[in-house]
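Hi,

Here is the structure I promised to pass on to you. Have a look through it first, and then read my notes below.

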Amino acid sequence: MADAPSDDPLLIDEIRQLGDDARAYATAELAYQKARAAVAAKGVRDVAIFGLAGFVIAVFGLGALVVGLLIALAPLVTAWGATAIVAGGLFAIALVCVVMAKSRWARMKALVADAEPVP
């Protein structure tokens with residue numbers, strides 16, 4: 001009668017080799033995932049920096065546009081009239097943005113709640 005499989009030295013060696021291979025694979029996979037995470041973190045950091053810089057520059061550009069409009073309109077409709085026109089235009093744009101945001105918020109809530117979207 002043959003010996004029990006646990007007494008087979010070749011089987012034990014193969015199981016040890018399998019364990020070593022699994023450990024090596026896990027170590028390599030962990031190193032790979034760490035490298036991927038580092039690349040992704042650097043990418044997110046760069047996007048945040050450039051996005052913030054773009055936002056700040058855009059705000060300064062809009063400020064310059066507002067001042068330029070005030071200066072350009074002042075001789076035509078007085079300083080108070082130019083201020084009213086520019087401020088009114090900005091408030092109108094802001095109102096449109098708020099209405100669009102409210103609409104998108106309602107639609108998103110409806111989709112999340114599995115209900116019909118609000119038009």
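The chain has one helix and zero strands; helices here are DSSP runs of H or I with at least four residues, strands are runs of E with at least two, and both are numbered from the N terminus. Before you dig in, bear in mind that this is a predicted model, in which local features need pLDDT of at least 70, side-chain atom pairs count only at pLDDT 80 or more, and totals for chains, interfaces and linings use all residues. Residues are numbered from 1 along each chain as its sequence is written, and side-chain values use heavy atoms, with hydrogens and water left out.

**The helix and its bend**

Helix α1 covers residues 9-112. If its 104 residues made a straight helix, they would span 154 Å at 1.5 Å a residue (the expected span is 1.5 Å times one less than the number of residues). Between its end C-alpha atoms, though, α1 spans only 59 Å.

So where does α1 bend, and by how much? The place is Val 77, and the angle is about 125° (the bend at a residue is the angle between axes fitted to the seven residues ending there and the seven starting there). Now find Thr 78, which also lies in α1. Thr 78 has a positive phi, near 70°, and is a residue other than glycine. Another positive phi, near 60°, belongs to Asp 114, which follows α1.

**Inside and outside**

Of the 119 residues in the chain, 3% count as buried (buried is under 20% relative accessible area, exposed is over 50%, and partly exposed is in between, with a 1.4 Å probe and protein chains only). Within α1, the buried residues include Gly 81, Ala 82, Val 86 and Ala 110.

The accessible surface of the chain comes to about 10100 Å², and 75% of that belongs to carbon and sulfur atoms (areas come from the Shrake-Rupley method with a 1.4 Å probe; for residues, only the protein chains shown count as cover).

Take a look at Leu 52, Phe 55, Val 56, Val 59 and Phe 60 too: they make a nonpolar surface patch of about 520 Å². Patches are made of residues with over 30% relative accessible area and no salt bridge, where like charges are joined within 9 Å and nonpolar side chains (Val, Leu, Ile, Met, Phe, Trp, Tyr) within 5 Å. Val 56 sits in helix α1 and is partly exposed, with a relative accessible area of 35%.

**Salt bridges**

How many salt bridges are there? The count comes to four, where a salt bridge is a side-chain nitrogen of Lys or Arg within 4 Å of a carboxyl oxygen of Asp or Glu.

- Asp 13 and Arg 16 meet through their side chains at 4.0 Å, N to O. The two are three residues apart in α1, so about one helical turn separates them. Asp 13 is partly exposed at 45% relative accessibility, while Arg 16 is exposed at 55%.
- Arg 23 pairs with Asp 20, with the closest N and O atoms 3.1 Å apart. Both lie in α1, three residues apart, about one turn of the helix. Arg 23 is exposed at 55% relative accessibility, and Asp 20 is partly exposed at 40%.
- Lys 42 pairs with Asp 46, with the closest N and O atoms 3.0 Å apart. These two are four residues apart in α1, about one turn of the helix. Lys 42 is partly exposed at 47% relative accessibility, and Asp 46 is partly exposed at 23%. Salt bridges with shared partners join Lys 42, Arg 45 and Asp 46 into one network.

Cheers
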